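Good morning, and thank you for making time for this presentation. Please look at the sequence and the structure together as I show them.

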Amino acid sequence: MSRKLLLNNVHVEGIHTYDVYRKTGGYAAVEKALKSMTPEEVVEEVKKSGLRGRGGAGFPTGMKWSFIAKPEGVPRHFLCNADESEPGTFKDRYLMEKIPHLLIEGMILSSFALGCEQSYIYIRGEYMYVLRILEKAIAEAYQNGWLGKNIKGSGFNLDLSVSPGAGAYICGEETALIESLEGKRGNPRMKPPFPAIQGLWQRPTVVNNVETICAVVPIVNEGGEAYAGVGIGRSTGTKLISAGGNINKPGVYEIEMGISVEEFIYGDQYCGGIKNGKKLKACVPGGSSVPILPHYLVCKTAEGTDRLMSYESLAEGGFATGSMLGSGGFIVYDEDQCIVRNTWNFSRFYHHESCGQCSPCREGTGWMEKVLHRLEYGHGKIEDIDLLWDIQRKIEGNTICPLGDAAAWPVAAAIRHFREEFEWHVKEPNACTTRNYGLVTEKVFEKVNA
Amino acid sequence: MENQNIENIQFPKELLDEVQRITSLFPEGKQKSALIRVLHIAQAHFGYLSAPVMDYVARLLLIQPIEVYEVATFYSMYDTQPVGKVKLEVCRTGPCMIEGAEKIVSYIEKKLGIKDGETTEDGIFTLKTVECLGACGYAPMLQAGEKFHEHLTEEKVDVLIEQYRLNPVANYMGQE
């Protein structure tokens with residue numbers, strides 16, 4: 001049984017309320033930090049823990065914190081990125097809905113560590129009902145003296161509130177989030193200056209993902225070294241995985257990093273295997289942006305070693321034969337699924353969500369969607385496959401924010417690993433328009449197995 | 001709401017108080033940060049964001065109307081045209097698609113006699129396909145107002161459409 005650090009008490013009746021959360025040891029980390037630690041010591045523990053950003057990029061949190069500028073007399077801000085919109089990802093919603101006080105406790109600790117007195121949780125607009133859960137919990141935290149002026153006599157002040165978006169994937173990018181929180185369109189900013197220097201209202205700002213902030217609670221409670229002792233190598237601690245697609249038990253699972261992908265897909269305490277006794281065809285392990293892996297690269301690396309649920313192992317082989325842990329949005333495809341259709345669907349998503357600032361992304365995502373639509377609906381030409389490859393190459397790395405890369409990678413990986421399925425769509429256009437997934441994939445699947 | 005003009009656009013007192021509360025969450029002079037939330041409230045109250053409604057919001061927050069228009073047209077949750085009382089927003093992105101979202105959309109289209117993006121003649125339902133709503137493990141799903149309806153089947157769609165037809169109040173956003 002894997003260790004749990006965040007979801008230990010998720011099934012305790014009433015854990016969303018202050019009283020129950022407090023009775024199960026909640027706010028002990030804040031007590032400890034305010035009584036016996038300096039802000040620098042909290043940062044130090046987070047550095048020691050090896051915690052890496054759980055939103056997708058996996059950047060070391062302690063290092064990100066140490067970049068924040070501290071000019072005299074200028075307020076700093078700490079922001080929570082609860083814009084969770086990466087297709088396949090629904091872990092933050094689960095955390096906030098079930099244990100809202102864990103996020104609030106993490107927000108207090110992080111704000112204390114960074115010396116921020118006004119912090120915000122930016123939540124996607126579609127999660128309005130979760131915003132209400134958080135607001136209720138924040139009110140409870142104020143009533144019990146964990147927020148506001150001079151918290152528990154420590155001299156530390158913190159105001160915390162929640163602010164919604166209104167339906168824009170791009171606002172999960174930290175500078176777009178900041179723009180949105182300023183009441184503007186979610187257009188990402190050029191970096192530098194980085195938010196740590198000039199962020200919200202041009203003040204030094206740190207933005208972290210919900211799960212990252214929650215992880216600060218066990219780090220302060222048990223110490224950074226203890227946290228680093230969980231997991232494997234540079235993938236320390238636990239990770240929430242949102243499992244979806246053609247599996248028996250979709251849902252949110254907290255795993256200790258380093259368990260095998262095979263155990264995660266087929267193990268009874270996790271996904272419980274492929275639905276309806278079908279075969280595994282492919283897997284997107286870290287949200288729609290990361291490269292799709294064909295079945296023979298899911299549980300094993302190209303070297304033949306076991307693939308593990310960790311930043312390093314999922315990335316082993318680079319983009320040629322690997323992928324990324326990303327946000328932990330784990331999508332499983334069975335043998336009946338059509339890769340071309342899925343890729344088209346994702347391209348439509350990125351086209352819809354492109355903010356339109358940079359031409360390669362604004363135009364390129366639209367072209368990819370159109371070309372993929374043509375292929376999927378039986379009007380494609382064989383040259384279209386190379387055209388797609390060419391377009392994605394011209395988007396990647398040529399945009400202000402990573403949305404361009406995120407749109408390019410799934411297309412590149414689908415062509416890299418499933419080129420024959422794309423060709424099949426051109427050669428058998430009529431079969432494609434009937435959308436007979438079983439027939440489409442069966443042929444390709446056999447070839448892959450051969 | 002038909003024939004909206006600026007004179008009869010006014011929040012009731014409790015919503016003005018709510019706007020006041022939201023604005024106070026931000027430092028002095030940064031009241032524009034309240035815009036996105038206030039637009040949710042305006043949309044819930046007035047039905048959609050007409051130009052006069054947006055102008056009203058601009059005056060409330062002491063910003064230029066263009067600052068409101070550019071936000072209202074950027075974010076996909078805002079309607080700048082009239083919509084039905086209940087907006088059925090069906091997720092169409094990857095994980096929902098492979099779990100049968102397309103079938104659910106066609107079923108609703110057939111049942112209500114409207115296409116994606118259209119509103120029923122009685123003005124009760126608008127059908128809209130949307131991108132990932134963060135419910136991938138509970139697919140297929142749709143959102144009506146603030147509520148998520150997950151693990152959809154045709155039977156479940158029948159039940160919820162019947163419920164909303166009898167009591168079409170799902171389209172509220174931003175108020176209790």
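I begin inside chain A, where ten residues of domain 2 of chain A are in contact with 13 residues of domain 3 of chain A. Two residues are in contact if their C-beta atoms, placed from the backbone, lie within 7 Å. On the domain 2 side of that boundary, the residues divide into seven nonpolar, two polar and one charged. Here Ala, Val, Leu, Ile, Met, Phe, Trp, Tyr, Cys and Pro count as nonpolar, Asp, Glu, Lys and Arg as charged, and the others, Gly among them, as polar. The C-alpha centres of domain 2 and domain 3 of chain A lie 22 Å apart.

Residues are numbered from 1 along each chain as its sequence is written, while chains are lettered from A and ligands numbered from 1 in the order in which they are written.

The division of chain A is into domain 1 (18–229), domain 2 (232–334) and domain 3 (339–449); such bounds come from an automatic or database domain assignment. What is the average pLDDT of chain A? The average is 94, and 95% of the residues score at least 70; pLDDT is the predictor's confidence in each residue, from 0 to 100. Over residues 435–450 of chain A, however, pLDDT stays under 50, and for these residues the model has 27 contacts beyond four places in sequence. Where pLDDT is low, the predicted coordinates should not be read in detail.

I turn now to one helix of chain A. Helix H15 (residues 359–376) has 18 residues and reaches 25 Å from its first C-alpha to its last, close to the 26 Å expected at 1.5 Å a residue. That expected span is 1.5 Å times one less than the number of residues. Helices (H or I, at least four residues) and strands (E, at least two) are DSSP runs, numbered from the N terminus. Several residues of H15(A) are buried, among them Cys361(A), Met368(A), Val371(A) and Leu372(A), and also Glu369(A). A residue is buried if 20 or more other C-beta atoms lie within 10 Å of its own, exposed if 12 or fewer, and partly exposed in between, with C-beta atoms placed from the backbone. After H15(A) comes Gly378(A), whose phi is positive, near 80 degrees.

Some loop residues of chain A also deserve attention. Gly115(A) sits in the loop between helix H6 (100–114) and strand E2 (118–123). Because Gly115(A) has 15 C-beta neighbours inside 10 Å, this glycine counts as partly exposed. Leaving aside residues up to four places away in sequence, Gly115(A) touches Pro39(A), Lys70(A) and Arg76(A). In the loop between H7 and E3 of chain A we find Asn150(A), which has a positive phi of about 45 degrees although it is not a glycine. Is Asn150(A) buried or exposed? Asn150(A) counts as exposed, because it has 10 C-beta neighbours inside 10 Å. Further along, the peptide bond from Lys191(A) to Pro192(A) is cis, with omega near -10 degrees, and Pro192(A) lies in the loop between H8 and strand E4 (205–209).

Next, chain B. Chain B contains seven helices and four strands, and along the sequence they follow the pattern α-α-α-α-β-α-α-β-β-β-α. Its domains are domain 1 (6–72) and domain 2 (86–166), with 29 Å separating their centres, taken over C-alpha atoms. The C-alpha trace of chain B spans about 50 × 35 × 25 Å along its principal axes, and buried residues make up 45% of the 176 residues.

Chain B, too, has a cis peptide bond, from Ala139(B) to Pro140(B), with omega near -10 degrees. Pro140(B) is in the loop between strand E2 (125–130) and strand E3 (142–144) of chain B.

Finally, how do the chains meet? In total, 47 residues of chain A are in contact with 33 residues of chain B. Which helix gives the most to the side of chain A that touches chain B? That helix is H14(A), with six residues. The residues on this side of chain A divide into 18 nonpolar, 22 polar and seven charged.

Definitions and conventions: Predicted model: local features only at pLDDT ≥ 70, side-chain atom pairs only at ≥ 80, totals over all residues.
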